[in-house]
Amino acid sequence: MLERLKFGSQAGGARVVLLRASRIGDFVCATPSFRALRAALPSARITLVAQSFAAELAARCPYLDRFEPFPGYPGIAEQFFEPAAALRFFKTMQAGRFDLAVQMHGSGVYSNPFLLMLGAKATAGFGGGLDAAVPFEEGAHEIRRLLRLVEFIGAAPQGEATEFPLWPRDHEEAENVLHGLPRPLIGMHPGARDAGKRWPVE
């Protein structure tokens, strides 16, 4: 699928939109897939649709070019659905004439209809009703599940390591918070709501 974008009429300028309207941990778990897509389509313009708070996360990510706030949609609980806002959103997105839309948001029961409303020439994701789809594997780790999806459409994985780029002001703020504390410091965030987003303790 990606080969057609790379060598077709839109060569060097493919327009790709990704749906990932979840929380911070979900965004971080998707960074290996973002990296794989960018490596496969180095000149593409990649847009992320996500919750409004993720705008700064997208700005930090070197694999994304543009951000669009998720307007809410029936059945997708992450955000309250406002029909008028959704209509404006779909009109704007359809005018963008995307070459490919990729659903990276769950099993597809509710997110696939949303993806189809973006009006892309081709669609891919989990579940049915799309041009290219893989089964949503319950219990799989989120990083590997997403990498399996992007590999299926033609993006070779570039490793499983997650990324969260830091800006100079992040280091300054951390120094202010941690100043005077005895070293070494160990920071841990082992939890997640979904077991599929946690590595085994071992």
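User: Before we look at any pocket, what counts as a pocket, and what is a lining residue?

Analyst: A pocket is an open set of grid points with protein on both sides within 12 Å along at least five of seven lines, and its lining residues have an atom within 4 Å of a point. Keep in mind that this model is predicted. Now take the second largest pocket. Its lining has 21 residues. Ser22, Glu78, His105, Gly106 and Ser107 lie nearest its centre.

User: What is the volume of the second largest pocket, and how does its lining divide by class?

Analyst: The volume is about 380 Å³. The lining has five nonpolar, seven polar and nine charged residues.

User: Which residues lie nearest the centre of the largest pocket?

Analyst: They are Gly25, Cys29, Gly191, Ala192 and Lys197, out of 19 lining residues. This pocket has a volume of about 490 Å³. Its lining splits into seven nonpolar, five polar and seven charged residues. Helix α2 gives the largest share of that lining, five residues.

User: Gly25 is on that list. Is Gly25 buried or exposed, or in between?

Analyst: Relative accessibility decides. Gly25 has 40%, so Gly25 counts as partly exposed. Gly25 sits in helix α2. Gly25 and Lys197 are 172 residues apart along the chain, yet their C-alpha atoms are separated by 8.0 Å.

User: Which residues does Glu142 contact, beyond its neighbours within four places in sequence?

Analyst: Glu142 touches Arg20, Cys29, Gly196 and Lys197. Cys29 and Lys197 are also among the residues nearest the centre of the largest pocket. Glu142 belongs to helix α6, residues 142–152. Its side chain makes a polar contact with the side chain of Arg145, at 2.6 Å.

User: Why does Glu142 count as buried?

Analyst: The cut-off for buried is under 20% relative accessible area. Glu142 has 6% relative accessibility, so Glu142 counts as buried.

User: How should I read a nonpolar core?

Analyst: Start with the general idea. In soluble globular proteins, nonpolar side chains tend to be buried together. Here, the largest nonpolar core has 39 residues. Leu2, Leu18, Phe34, Leu48, Leu64 and Leu100 have the most contacts inside it. Helix α2, residues 24–40, supplies the largest share of this core, seven residues. A second, separate core has 18 residues, including Ala21, Ala86, Phe90 and Ala120.

User: Which residues does Phe34 contact, leaving aside its neighbours within four places in sequence?

Analyst: Phe34 is in contact with Leu18, Phe27, Leu48, Cys61, Tyr63, Leu64 and Met104.

Note on methods:
Residues are numbered from 1 along each chain as its sequence is written. This is a predicted model: local features need pLDDT of at least 70, side-chain atom pairs count only at pLDDT 80 or more; totals for chains, interfaces and linings use all residues. Side-chain values use heavy atoms; hydrogens and water are left out. A nonpolar core is a set of buried Ala, Val, Leu, Ile, Met, Phe, Trp, Tyr and Cys residues joined through side-chain atoms within 4.5 Å. Buried means under 20% relative accessible area, exposed over 50%, partly exposed in between (1.4 Å probe, protein chains only). Helices (H or I, at least four residues) and strands (E, at least two) are DSSP runs, numbered from the N terminus. Contact means heavy atoms within 4.5 Å. A polar contact is a pair of N or O atoms within 3.5 Å; within protein, one must be able to donate a hydrogen and the other to accept it, and residues adjacent in sequence count only if both atoms are side-chain atoms. On a 1 Å grid over the protein atoms alone, a cavity is a set of points where a 1.4 Å probe fits but cannot get out, and a pocket is an open set with protein on both sides within 12 Å along at least five of seven lines; lining residues have an atom within 4 Å of a point. Grid points are joined across faces, edges and corners, and a volume is the space filled by probe spheres set on the points. Ala, Val, Leu, Ile, Met, Phe, Trp, Tyr, Cys and Pro count as nonpolar, Asp, Glu, Lys and Arg as charged, and the others, Gly among them, as polar.
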